[in-house]
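Q: I'm new to reading protein models. Could you walk me through one, feature by feature?

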Amino acid sequence: MAPWAKTGGLADVSAALPKALAARGHEVTCFLPRYGSIAFPPGRFIGSVHVPVDALHRSAGFYERELGPNLRVIFVEHPPFFDRPGFYGDPGGDYGDNAFRFAFFCRAVIEFCRSRGYRPDAFHAHDWQTGLLPVYLKAFYPDDPTLYRVPTVFTVHNLAYQGHFSAATLGPLGLPDSLASEDALDWKGNICYMKGGLLFSEVVTTVSPTYAREIQTAEFGHGLESVVRSRADDLVGILNGVDYEEWDPRHDRHIAAPFDETDHTGKAACKRALLAEFGLAAEPEAPLIGIISRLVHQKGFDLVTEAMEALLARPIRMVALGTGEPDVEAGLREFMRRDPRRFGVRFQYDSGLAHRIEAGCDMILMPSRFEPCGLTQMYSMRYGTIPIVRATGGLADTVEHFDPKRRKGTGFVFEHADTTGLLWAIDEALSAWAKPGPWTVLMQNAMSRDFSWALSAERYEAVYSHAQNSI
Ligand code: ADP
């Protein structure tokens, strides 16, 4: 949850959706582990509870922080589990005790509510880390006077990360071994937390309508497609929104100069500053392509490396910001080695720089193999930075291919995850760039798209009501 703990889009959504719901009059409490990235004490100490997840007597401390009217975050403190440099793992891989860490988190949240007599209208759990929350509710609390019939809405932000653990974990977690069955948590002899969230929640949502269809297929289901299909009647795709208080070039504190759809002078200043920041040649007439991403197979940047010779031959500049898999990083680094005046890379996590790239580039590249929603393309549209994307998930739902004749569209969209598709889209973008008139139209189309949270928050309200009615 931004700004406290962020690896990708989930953090932005976890911050923005509660804010949007609170603004609509709901009382929202967010729970977040007090990770090592979060200064201690993170808020006002409000108590502790015993949490039975393994043989040790563990307890969770709770620290509350008001974020605004109707909105608070409660940090769940347990230093042996959460006071670590990483959230889910370190460079060597996932932490070996993740099964216990996140079971602990789920049970601590439930125990906090129970012990306080605090009855929410609904729990809204996100991704595999919280997959056990509805499982615990159903296993231990169906008759609890406080939590009886409180529904869970479970949101899949990325089905590729599932939380697989040994079935032997169930015993120490206090859960019955019968849960290791095919119709519960079983995953090829192990257990799967994501499956728990999918099967034990009243409603399942995911972060775009297209991804909701895709994850019911073998190509995108990562083995869970039949489980997802079994919930098809209770599955809803709701596009993430954009928090325009954070992402708007009219008042972005990170960028060199403000701008808007009627006056792009500020954007030119942002581009000059960005070229200088990366040490690239100051040639404003050449298009500057940006990359801001986790550098993992999902995101398709190996296609960019594969197309290196063809890209070097084109009149483009490129800046990339991201961290991830060593071979993807190495591929991008090679561009810089070949032509350091045109290509720049930063393998780090830097929120301010992400804003400066959104503002200073002309185009942003997202050749994802799959993309549940994708936020970067929505941010970039507001900054007049034209997305070049593959037609998958939320990218397909948010970017419309530009048609210069009809003056319609907001970006460039290719179908096939191969270098031919990628280069076709880049060439489409370059030929549009060569004509200032149409390019200005394209920028205006993109900048005027509105992805604010209000609409999505309204859809979540309907989902919460549906969940209440179906328990
Ligand atoms: P995902 O959730 O799959 O990582 P999204 O496009 O939904 O992809 O969200 C990515 C978010 O993470 C955006 O807010 C983007 O600006 C941010 N981001 C990704 N990599 C970095 C980085 N290296 N430094 C700063 N921000 C980053």
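Predicted model: local features only at pLDDT ≥ 70, side-chain atom pairs only at ≥ 80, totals over all residues.

Q: How do I check the length of a helix, say α9?
A: You take 1.5 Å times one less than the number of residues. Helix α9 covers residues 265-277, which is 13 residues, so it should span 18 Å. The end C-alpha atoms of α9 are 19 Å apart, and that agrees.

Q: Which residues of α9 are buried?
A: Here's a general idea to start with: an α-helix has 3.6 residues a turn, so residues three or four places apart point the same way. In α9 the buried residues are Gly266, Lys267, Ala269, Cys270, Lys271, Leu274 and Leu275.

Q: What do the buried residues of α9 pack against?
A: They pack against two strands, β14 (288-295) and β15 (317-324). They also pack against the helices α13 (351-360), α16 (419-433) and α17 (436-447).

Q: How accessible are Arg149 and Arg407?
A: Arg149 is partly exposed, with a relative accessible area of 44%. Arg407 comes out at 53%, so it counts as exposed.

Q: Where are the cis peptide bonds you'd show me?
A: Look at the bond from Ala2 to Pro3, which is cis with omega near 0°. Pro3 belongs to the segment before α1 (9-23). Then look at the bond from Phe40 to Pro41, also cis, with omega near -5°. Pro41 is in the loop between β1 and β2.

Q: How many aromatic pairs are there?
A: For this you compare ring centres, and they need to lie within 6.5 Å. The count comes to 26 aromatic pairs. Tyr35 and Phe82 make up an edge-to-face pair, 6.0 Å centre to centre with 85° between the planes. This pair links distant parts of the chain, 47 residues apart: Tyr35 is in the loop between β1 (28-33) and β2 (44-51), while Phe82 is in helix α2 (residues 79-82). Both Tyr35 and Phe82 are buried. Ring pairs also join them into a cluster with other residues, including Phe81, Phe87, Tyr88, Phe102 and Trp128.

Q: What does Gln129 touch?
A: Leaving out residues up to four places away in sequence, Gln129 touches Tyr88, Phe102 and Cys106. Gln129 is in the loop between β7 (123-126) and α4. Its relative accessible area is 10%, so Gln129 is buried.

Q: Which rings have a charge over the face?
A: Tyr118 is one of them: Arg72 lies over its face, at 5.3 Å from the ring centre. Phe278 is another, with Arg346 over its face at 4.3 Å from the ring centre.

Q: How should I think about the nonpolar core?
A: In soluble globular proteins, nonpolar side chains tend to be buried together. The largest nonpolar core here has 160 residues, and those with the most contacts inside it are Leu132, Leu198, Ile357 and Phe412. Helix α3 (residues 98-116) gives the largest share, 11 residues. This core also draws at least three residues from each of domain 1 and domain 2.

Q: Where do the two domains lie?
A: The domain assignment puts domain 1 at 9-241 + 454-470 and domain 2 at 265-450. Their C-alpha centres lie 33 Å apart. The contact takes 18 residues from domain 1 and 16 residues from domain 2.

Notes:
Residues numbered from 1 in each chain as written. Heavy atoms only, no water. Core = buried A, V, L, I, M, F, W, Y, C linked by side-chain atoms within 4.5 Å. Buried < 20%, exposed > 50% of the residue type's maximum accessible area, 1.4 Å probe, protein only. Helix = DSSP H or I, 4+ residues; strand = E, 2+ residues; numbered from the N terminus. Domains from an automatic or database assignment. Phe/Tyr/Trp six-rings, centres within 6.5 Å; stacked < 30°, edge-to-face > 60°. Lys NZ or Arg CZ within 6 Å of the ring centre and 35° of its normal. Contact = heavy atoms within 4.5 Å.
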